[in-house]
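Here's a quick briefing on how the chains in this model meet. Have the viewer open while you read.

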Amino acid sequence: MTTALFYILGFTMLAATLLCITRRNPVHAVIYLVAGLFALALMFYLLGAPLVAAWQVIVYAGAIMVLFLFIIMMLGLAPQEVPEGPGWQRWGPLVLLSSSIMICTVLLILQDPLAGKQIGDFYLAPQILGEALFSRYALAVEIVSFQLLFATIGAYMLGRPLPKGEDQ
Amino acid sequence: MNESLLFLIPLLPLFCAVINMLFGMRLPRLFTEVLAVIGVAGAFGLTLLFWDYAEGNGSRAVLFTWLNSGTLNVSFALNFDRLAAPMTLMVTGVATLIHLYAIGYMREEADYARFFSLLNLFVFAMLAIVLADNLLVLFLGWEGVGFCSYGLIGFWYRKLENAKAGTKAFLVTRVGDVFLGVAMLWLFALTGTLSISAINAQAASISPGVVIVLSLLLLLGACGKSAQLPLMTWLADAMAGPTPVSALIHAATMVTAGVYLLCRFFPLVSLSAVAMTAITAIGALTAIYAASCAMAQRDIKRVLAYSTMSQVGYMFMAVGAGTVAGAMFHLLTHAFFKAVLFMAAGCIIHQAGGENDLFKMGGLFRRGPTELFWVFLAGAACLAGLPLSGGFFSKDGILLALYTHADPVFRVFWLIGIVTALLTAFYTFRLVYLVFAGEWRGSGSPHDLPWLMRWPLWPLALLSLAGGLFNLPALVGGGEALHHWYGTMAGRTLTVSPDVEWMLAGLAAVVAAMGWLAAHWRYRNYHAPLENPLSRFLLSGWQADALLDRLFVRPFNAMALFSWIGCDRTLFDGSLEGLARTSTRCGALLLRITTGRLTTYLSAFAWGFLILLGWFLLKLVEGGGQ
Amino acid sequence: MIPFGHALAFAGALFVLGLTCVLLHRQILMILIGVEIMLNGASLVFVAASAYWRQVDGQVFAILLMAVTAAEVAVALAMVVYLWRRKRTLVADEFNGMHG
């Protein structure tokens, strides 16, 4: 049952992501991405990570994607226009590149000695995760929180009104 | 008292030079002048005060270790010994009088601080040569006097020919310095020390062939500074400098540095008969060459310059004949009488209204202060070697040493010395007659002579006349004081019968008298200068400048031109510019990749990623599924 | 029971889709979305590895990754606004000030 659910969720996620990246309208793309992220969150849950799954929903699908949407709507971005010229010229190399990478990745994974290994039943209580975060990884948490602080300051600096003459 | 106080002697002029150099123009003029005089007069006083240190084997004082690297250990050390002490006294004493004279001479010069600081610096450098305990300190002074003489000859550098004369002096003496440098390095390689006394002590252990070469190198070094035969062309042009400079540098002190160097290394040099003969030969040839040139010169200072060259040639002959005492004796008397001659010549030029040409002077005996005539005559008598003057005794001593030398070749040099003495007497009195006798032929009006330009002449004139007393030969009841003072350093002792000595003295007197009579006959009444090829040849110094120009300057210029156009421009610049152009083109090609577009960079990044993955895949396939 | 390789394959596919998005789109915002997708692929690897080795570390890193992503997005979106204000466009190729 779990295994089937995992595959279903996996393909759902890939489909949603594929739809996301092919949209011309950024709003649609973000909506599809949110759907993909939900599927990913459930996969996390199936892999025994309830806390990560919850934060995936709250932080990613909730906060970050809403931020994207907010920016898109604030700037009033129109759907991207189709570029001039024949399609294959633009797509051809790209498809070649992506499919090569994909093939390489899959081959690498299948050649991997770990390929036959199964992921057994696993459940990590949020309590243990929290203890690990604030004991062994306390320094990392501190560093990341500083990074968040700097990012906030950076965002504030970038968001200030432009000096006169630089605005078009 | 402490021996390291001896350092005050050279450092006092240096201190005053530095003060004048830094603050001279901000201080009152009187202060600058007094400071300059104090620098040298103080050194003179200190030399007298410390005289006792020179006795015995002399005193050695180390100020600090200058260089210490492996076996090379050079201290900043002084050696105040029997050879150095009289020289120090002479340098500081004459320099003091010249400084006083210079105050009067330069009283209208605006750039006085530069002048006086260079003069003081020069005295410092000269004292470094005289007092140096090791070759490196000596070399420091050696280069120092070269630099100061360059700065002082070209003192009025706004006139191009003065600046050129300074450059010429600098470059020509530098040629000699190269040889001295080579000798210095070689001596260090052989003996492992730069100390002069240690080198002299080890001289006997150096193989004879090397001693010859080393002595010749030292000789060439000495030739550069002392304006001897191959490297003599700079001295006559050096007269472009102010007259006190000519008196100080080109008469009393710097040109004698070469003689002093050879005397310092006498224990080494005297080991090689070949080198001694070479020294004598150089001296003899220079003496007669310069005397012949002096006969035809028209510029009063150039006459004196050639006479200096000629007299320094006598000193070389003395060293070559093996009598250090004789060389130093002549060096001292020459310093006095040549200083008085130059300083008097400065006064004469002043009196003649800035005119240097002998043939536009005349009648100065009646026109100028008569004291000028008497002091000039005193110097001239010494130069000509009139009996009982200082120059007579010193020159006679040298001729005696040449005559009594065992090697028959030295008789030839003796003969040259006698002929030179004749020429010297002739051109000296030619000078006297042309300047003082007859009617005034010039056009300028006399400048007034300040008091300071007149009285320093008197002590010098008296010293030159009485200079013989320093080393009065036993023949006339003298004590040969200088010879005894030098002790073991004096070189060969001359043992000769009184008959020969009287004969030589008489011959010298006769020769001087003949020179005088010839000049009297020729120049008592004024004659216009001769215009024939011989006089032109002599006037130009045997065309030495043109010869050197052909031999060295032109080939050098041609080579430099070839290096510039042929090598540098074509070969190096061409290849380098070609290289630069190629790399610019390569850069332009690379510039096309650098589009500045984010998408280009991203896809490049993706390609790189793909290559990385492919690499891993390849490794995995090669690994064969283990 | 899920084969570990399959979980990794999903993650790899997600990563490649994100990369495709980055390469395909010319608009900065869509490029950023592509980056987010790639980061999620990485995140999936961490969580799957954590489950496979039954260790806590993978999940810790997934969470830290999320925080770093949040910081990155904050700056990146501020920059998007900044760029928009400067040129009234978000087409990446318009910003070629680094052209040599």
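Predicted model: local features only at pLDDT ≥ 70, side-chain atom pairs only at ≥ 80, totals over all residues.

Strand β1 of chain A pairs with strand β1 of chain C, residues 2-3, through 2 bridges, and the two run antiparallel.

**Where chain A meets chain C**
- On the chain A side, 68 residues are in contact with 60 residues of chain C.
- Which elements of chain A give two or more residues to that side? The helices are α1 (2-22), α2 (26-46), α3 (50-75), α4 (87-111), α5 (126-134) and α6 (138-159), and the strand β1 (118-119) is on the list too.
- Sorted by class, the chain A side that touches chain C comes out at 50 nonpolar, 14 polar and 4 charged residues.

**Where chain A meets chain B**
- Here the contact draws on 8 residues from chain A and 9 residues from chain B.
- The chain A residues that touch chain B split into 5 nonpolar and 3 polar, with no charged ones.

**Chain C on its own**
- Chain C has 3 helices and 1 strand, and going along the sequence they follow the pattern β-α-α-α.
- How much of chain C is buried? Buried residues account for 60% of its 100 residues.
- Take the contacts within chain C between residues at least 6 apart in sequence: 45% of them join residues at least 24 apart.

Notes
Residues numbered from 1 in each chain as written. Chains lettered and ligands numbered in written order. Contact = placed C-beta atoms within 7 Å. Nonpolar A, V, L, I, M, F, W, Y, C, P; charged D, E, K, R; others polar. Helix = DSSP H or I, 4+ residues; strand = E, 2+ residues; numbered from the N terminus. Pairing = 2+ DSSP bridges. Buried ≥ 20, exposed ≤ 12 C-beta atoms within 10 Å, placed from the backbone.
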